[in-house]
Amino acid sequence: MSRLQRKLMPVAAGLITGAGTQRWRHRLAEWRRRLRGRPHEATFYFRIDDPYSWLLAQVLPRFAEHFGVRVTPRVMLYLDRSMYPEPDMLRELAPRDAAALAGLHDLSFPADWRIPDRETALAATRCLLKHEHDERFWSLAHALSDALWRGDQEALQRLVKDHGQQPEDQAQLALEARRDQFLKDGHYLTGTLHYGGEWYWSLERLDHLARRLETLGQGGGPWPLDYGRAKQALLPGAPAAPADDGEARPELEMFFSFRSPYSYIALPRAYALADHYGLTLRLRPVLPMVMRGLSVPRAKRFYILTDAAREARLHEVPFGRACDPLGKGVERCMALWPFAEKEGRLREWLLHAGEGIWSQGVDAASDAGLRKLVTAAGMNWNRARRWLDDDQWQGDAEANREAMVAAGSWGVPSFRFNDRLVWGQDRFALIEQTLQSGH
């Protein structure tokens with residue numbers, strides 16, 4: 001990337017992610033809706049072997065009724081594997097995560113879940129395709145999902161027999177076409193709503209759509225079910241941090257990347273959580289997925305950037321004028337990690353480096369940019385720059401990556417406490433539940 005491109009990058013990112021741009025997009029979508037005389041409409045991309053789809057499907061009928069939105073389900077099954085760097089690991093992690101979220105939000109998901117096989121999922125999907133446009137879809141989707149994730153073949157066969165299926169050849173063609181169109185439309189994750197030109201993935205993004213609809217005068221009052229609280233730290237009534245009695249503090253691990261906007265957004269809450277509970281927050285840096293040989297396609301990068309902007313505004317974290325540190329920028333920030341630890345300024349280094357990269361357009365790949373970040377963190381540049389040729393960080397980063405994968409995750413931010421892994425910046429309530437239970 002040329003120097004000019006790097007200078008222009010923060011300007012472009014700021015325009016894409018800015019609150020003003022979002023408001024303009026929302027107003028334009030609403031103007032088009034009214035011009036066409038259309039009701040408030042959303043499309044729900046449902047995949048029966050995706051646990052997040054099932055959780056959201058349980059909530060959407062109430063959400064649609066509350067806000068007066070017509071939700072049209074669009075049944076999926078096949079996905080572009082290039083969007084999922086470790087699909088086998090995701091198949092193991094997602095149901096565990098969904099079971100925990102179901103417990104948090106009073107939704108259904110079997111504790112003794114079983115990963116569905118593709119043939120059974122296809123049979124259930126063909127049944128749903130037949131009823132995609134009738135009022136039985138929601139109850140049928142719930143019943144089929146329940147049977148599928150419990151591994152109840154008898155119940156599945158009974159449901160399919162009672163409700164019928166779309167012919168297999170038609171279903172295969174439709175599902176393949178939908179997979180391809182989904183990417184062209186700009187997204188890749190099922191369990192997702194599309195409303196007025198914007199994507200809302202999973203329960204944890206319903207709060208954004210709810211506020212958007214409330215702004216338009218829909219709902220007659222606030223949406224009463226706050227699924228977004230899974231993103232918050234410090235549950236009501238949480239105990240204060242224990243007194244410092246000289247004993248070693250329990251350790252909360254956070255796998256972190258300088259190139260991950262979600263890592264940056266999560267970091268202040270991670271420190272707040274650790275401070276509140278008297279924990280040692282052990283930050284474990286890893287290289288970005290692209291620098292580890294995993295692909296992040298353009299459609300995915302664009303969604304992550306715009307979604308991270310929404311989440312940053314929610315948590316009042318500065319964000320927008322981003323300068324991608326991929327490559328040299330990441331390496332130089334990683335090289336200064338041991339120096340910041342030695343100086344006792346690691347927290348300051350991570351917070352200021354993150355804000356500089358993701359909010360102020362600072363180019364960490366340049367000496368001028370890196371010096372600005374170092375100085376903001378309260379460290380001496382002349383001493384810091386001597387560490388840039390030290391490759392100690394490479395071995396540490398690889399050891400952290402191996403530990404993260406062994407724990408069951410491939411992406412950041414991931415958190416581990418007492419051998420329980422939680423993935424994502426929107427899972428702080430689950431982390432806190434683990435802290436409060438002690439296991």
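**Entry 1. The β7–β8 hairpin**

I began with the hairpin that β7 and β8 form, which has 2 residues between its strands. Asn 418, in the turn, has a positive phi of about 50°. The strands, β7 (residues 414–417) and β8 (residues 420–423), run antiparallel and are joined by 4 bridges. Ser 414 stands opposite Trp 423, and I found Val 422 of β8 to be the bridge partner of Phe 415. Strands here are DSSP runs of E of at least two residues, helices are runs of H or I of at least four, and both are numbered from the N terminus. Two strands count as paired if DSSP finds at least two bridges between them.

I note that this is a predicted model, in which local features need pLDDT of at least 70 and side-chain atom pairs count only at pLDDT 80 or more, while totals for chains, interfaces and linings use all residues. Residues are numbered from 1 along each chain as its sequence is written, and side-chain values use heavy atoms, with hydrogens and water left out.

A cis peptide bond, with omega of about -5°, joins Val 412 and Pro 413. Pro 413 is placed in the loop between α17 (392–407) and β7.

**Entry 2. The sheet that holds the hairpin**

In which order do the strands of this open sheet stand? I read β6-β5-β7-β8, 4 strands with mixed pairing. The edges are β6 (280–285) and β8; each has a single partner strand, so one side of each is left without a neighbour in the sheet. From one strand to the next the twist averages 20°. Helix α10 (residues 261–277) packs on the sheet and touches β5 (251–256), β6 and β7; contact means heavy atoms within 4.5 Å. The direction of α10 makes about 170° with that of β5. Such angles run from 0 to 180 degrees between N-to-C directions, and axes are lines fitted to C-alpha atoms, for helices over the stretch in contact.

**Entry 3. The other sheet**

I looked up a further open sheet of 4 strands, ordered β2-β1-β3-β4, again with mixed pairing. Its edge strands are β2 (70–76) and β4 (198–201), each of which pairs on one side only. Neighbouring strands are turned by 25° against each other on average, direction ignored.

Strand β1 (residues 41–47) runs parallel to β2 and is joined to that strand by 7 bridges. Ala 42 has Val 71 of β2 as its bridge partner, and Tyr 45 stands opposite Arg 74. Why do I call β1 largely enclosed by the rest of the structure? I do so because 5 of its 7 residues are buried. Buried means under 20% relative accessible area, exposed over 50%, and partly exposed in between (1.4 Å probe, protein chains only).

**Entry 4. Helices α3 and α9**

The axes of α3 (residues 51–67) and α9 (residues 206–215) come within 12 Å and cross at roughly 10°. The two helices are therefore roughly parallel, a term for angles under 35 degrees. Leu 56, Val 59, Leu 60, Phe 63 and Phe 67 of α3 meet Leu 206, Leu 209, Ala 210, Leu 213 and Glu 214 of α9. By class, I recorded 9 nonpolar, no polar and 1 charged residues in this contact. Nonpolar covers Ala, Val, Leu, Ile, Met, Phe, Trp, Tyr, Cys and Pro, charged covers Asp, Glu, Lys and Arg, and polar covers the others, Gly among them.

Asp 207 is also found in α9. Is Asp 207 buried or exposed? At 11% relative accessibility, I count Asp 207 as buried. The C-alpha atom of Asp 207 is separated by 46 Å from that of Asp 389, 182 residues apart along the chain.

Most residues other than glycine have a negative phi. I checked two exceptions.

- Asp 106 has a positive phi of about 65°. Asp 106 lies in the loop between α4 (87–105) and α5 (118–130) and is exposed, with a relative accessible area of 73%.
- Ser 202 has a positive phi of about 75°. Ser 202 is in the loop between β4 and α9 and, at 2% relative accessibility, counts as buried.

**Entry 5. Helix α14**

I compared the span of α14 (residues 346–359) with expectation: its 14 residues should span 20 Å at 1.5 Å a residue, and its end C-alpha atoms are 19 Å apart, which agrees. The expected span is 1.5 Å times one less than the number of residues. Buried residues of α14 include Leu 346, Trp 349, Leu 350 and Trp 358. Just after α14, Gly 361 takes a positive phi of about 70°.

How values were computed:
Angles under 35 degrees count as roughly parallel, over 145 as roughly antiparallel, 65 to 115 as roughly perpendicular and the rest as oblique.
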